[in-house]
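Open your viewer and get ready to select a few pieces one after another. At each stop you will find what to click on and what is there.

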Amino acid sequence: MMGLPLFPVFIVDFFGSALMIILSVTASFHARRLVRLNPKNVLWTYLFWLCMALVAFALSRSIGHMLRFIFILLDFPHVWETLSPYSGGLNTLVFSSVAVLTFYYYNVQGVIQRVRDDANSLARANRQLEKVHAELRNLNTTLEQRVENRTRELKVSEQKFRHLYEGSKDMIFFCDAGGRINGINSSGIEMLGYDREEELIGCPLPSLFVDEEKWAKYYCRLGSQGHVRDFEVELLRRDGSHLYMMITATAIVDEANNMQGSEGIAKDLTHFKMMTDQLIQSENLASVGQLAAGVAHEINTPLGIILGYTQLLEEDFTDRPEVLETLRIVEKQTRICKRIVADLLKFSRHSLEGDKKSVDINQCIEEVLAIVEHSLNMDFIYVQRSLEEGLPDIYADPERLKQVMVNFINNAHHAIDKEGIIGIWTHFDAHCRELEIIIGDTGPGIPPEVISRIFDPFFTTKGVGKGTGLGLSVSFGIIKDHGGHVEVFSPPRDPDIVAAGMRTAFHITLPLQPEMSTPKDQ
Amino acid sequence: MLTCKAAPQLSNISTVQHNSHSGIFLSRVFCLRSFFLLLCWLTVFPQDARAVQVHGSPEGLYVHQMAHLFFAAALVFLLLLIHYRPIGKGKAWGYFKLSLFFFLLWNIDTFGVHWLTLRLPEGAIISRGSLMEHQLAGPLTLERLAYYFGRLDHLFCVPGMWFLVLSLRHFSVQSEKQENSAENAS
């Protein structure tokens, strides 16, 4: 029976153990280096402890094996027998430790992977949060500036609107769905003769319309078309007078297209309409003037012949009183005809530059009053003078101006009939470079249906034979010849004149010539 | 006597305290009372202690063998884990897998040697004289030959450790490079 020598086994065992010690120490060195480089890396930590366990295993086992040979060689085999179980036990512990470490590593790796996933999610959320935070910070930084800019823009816009609203010379108004005024600018308040906006707030717009049919048409058009453009209407002022207005309005509607109110601008055309009427009247007067001039020229010659022959006949019939009386009647009536014809010629005649000169209007008025005041006082009519001192002279025909004054004063006299006051005011408007003469009376006033016709030729309210209806027409023509204009107000528009008890006021405006522009006291 | 006194007190307390609080308190008192009664019973009627058990001599070997199996299972687990869910690539990981493989072979080898050692009859190992004279007695059956060559287990564990060293060396070199590049980048 042949056996196998164990010496090769011992050799491999001994040198293998020595190599295991060297290699395990080297491995632990590298593992430690790895852990130091990256202490948070779980894999390196695992490898480090794996190496430590293997080092412990290698040392205990290899040292044990080597000691075994040494003790046997030194003839102390029982010592090895004592140490051997400890070496085996240590190896058992090391195996178990390595196995536990391996499974533990797997679990830790799983946990770490989950933590890493969570960390990635958190990092993504954090990045999004940072982005949102940056946007918020940017918004917060610029918010104040943006609010400031927006506020400034709104303020500018509001100022524009406010300036337009308050500064407009036209009436701007707002109404609710029921047509009640809920906002009106100061020009509108003034136009309608009120003092404060509160007096008009809540006031129904239809109540301001003179013609109810006009309101119905206005409201119907606003509702159907959504707007009203250049709608001409007469509005009632607080004092009962009328305003001729042109309204442009827009309906305010909600999302369901239901009318919630309206906003509009009303332009006062009263003055424009009056000027238009006067222009028409002037055209009428011009036509009539041309006609009258032709007629007067043709009639004037036969009248002169009739008058001449009548006077010759009077000389022939001085001895026959009844014929002479008849001829004098013919002469008188012929002279009346000539006067009418002369008036017609004056009415139609253009002024001659040669008759104009520097005229003190106050003096002119005083000269006229000196003539007519006595007859006025006979009827208990007194003249109230309010003549502004230091008026500049105007360049005009004094005789014709006196004729105008006489006509207006006579007109006032006839209006008052008996017992009353005639007021005369003069005023210089430096801004417009105009002189204004106001002649008012305390008579019954002019009915509205008549007031537009009083300057028409041959229009008179006096009885037959008492007036020719040419006085105001002639006066109107003379003032026009001087570049001025005449307006009549009944009742007067000026509160001071109303306070003086006047019921009618004629405003005569005469422009200054350039060389007469400076008042005397300057 | 103590329990007799405690009972009326407990009943009084239970009427004024919340149910859960009184329940915890009661259970603690009952545990203490049971422990006290058991202590008294063991003192009066003593018997043999049963907590400490004496183990026979094979137990150490069995534990050692089980540890080998446990270690082998861990290595197989780690190898499969790295194979199916690779943590990284490169030479270092290749060396690491080789290392694990050799340690697995070593485990199998040593487990087998321990098992064969138990099966060897007395006198199979002749350890008379010097180490040079020690030998495995015949007849050289397959089992004895397996034992003989199985004793050369360092042929597995030394390469395993060698590959582990190579793996760690590569890991540390790579890690140093990454550390340096990170420093340069910062």
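**Stop 1: a sheet in chain A**

Select L435(A) and then L510(A): L510(A), in β13(A), is the bridge partner of L435(A). Their strands, β11 (residues 434–441) and β13 (residues 504–511) of chain A, pair in the antiparallel sense over 8 bridges. Two strands pair if DSSP finds at least two bridges between them. Strands are DSSP runs of E, at least two residues long, and helices are runs of H or I of at least four, numbered from the N terminus.

Before moving on, know what you are looking at: this is a predicted model, in which local features need pLDDT of at least 70 and side-chain atom pairs count only at pLDDT 80 or more, while totals for chains, interfaces and linings use all residues. Residues are numbered from 1 along each chain as its sequence is written, and chains are lettered from A and ligands numbered from 1 in the order in which they are written.

Now show the whole sheet. It is open, has 5 strands in the order β8-β10-β11-β13-β12 (chain A), and its pairing is mixed. Which strands stand at the edges? They are β8 (381–387) and β12 (485–489) of chain A; each has a single partner strand, so one side of each is left without a neighbour in the sheet. From one strand to the next, the twist averages 15 degrees.

Angles run from 0 to 180 degrees between N-to-C directions, and axes are lines fitted to C-alpha atoms, for helices over the stretch in contact. Two residues are in contact if their C-beta atoms, placed from the backbone, lie within 7 Å.

**Stop 2: hairpins in chain A**

Next, select strands β4 (residues 227–236) and β5 (residues 242–253) of chain A, which run antiparallel and are joined by 8 bridges. Look for F231(A), whose bridge partner in β5(A) is I247(A). This hairpin has 5 residues between its strands, and G240(A) in the turn has a positive phi of about 95 degrees.

Continue to strand β6 (residues 259–268) of chain A, joined to β5(A) by 9 bridges and running antiparallel to it. Here T250(A) stands opposite E263(A). β5(A) and β6(A) also form a hairpin, with N257(A) in the turn at a positive phi of about 65 degrees.

**Stop 3: where the chains meet**

Colour the chains separately: 41 residues of chain B are in contact with 42 residues of chain A. On the chain B side, α6(B) gives the most, with 15 residues.

**Stop 4: two helices in chain B**

Finally, select helix α4 (residues 91–119) of chain B together with α6(B): their axes come within 7 Å and cross at roughly 160 degrees. That makes α4(B) roughly antiparallel to α6(B), a word used for angles over 145 degrees. Residues making the contact include F102(B) and W106(B) of α4(B), and F163(B) and F171(B) of α6(B).

Technical notes
Parallel < 35°, antiparallel > 145°, perpendicular 65-115°, else oblique.
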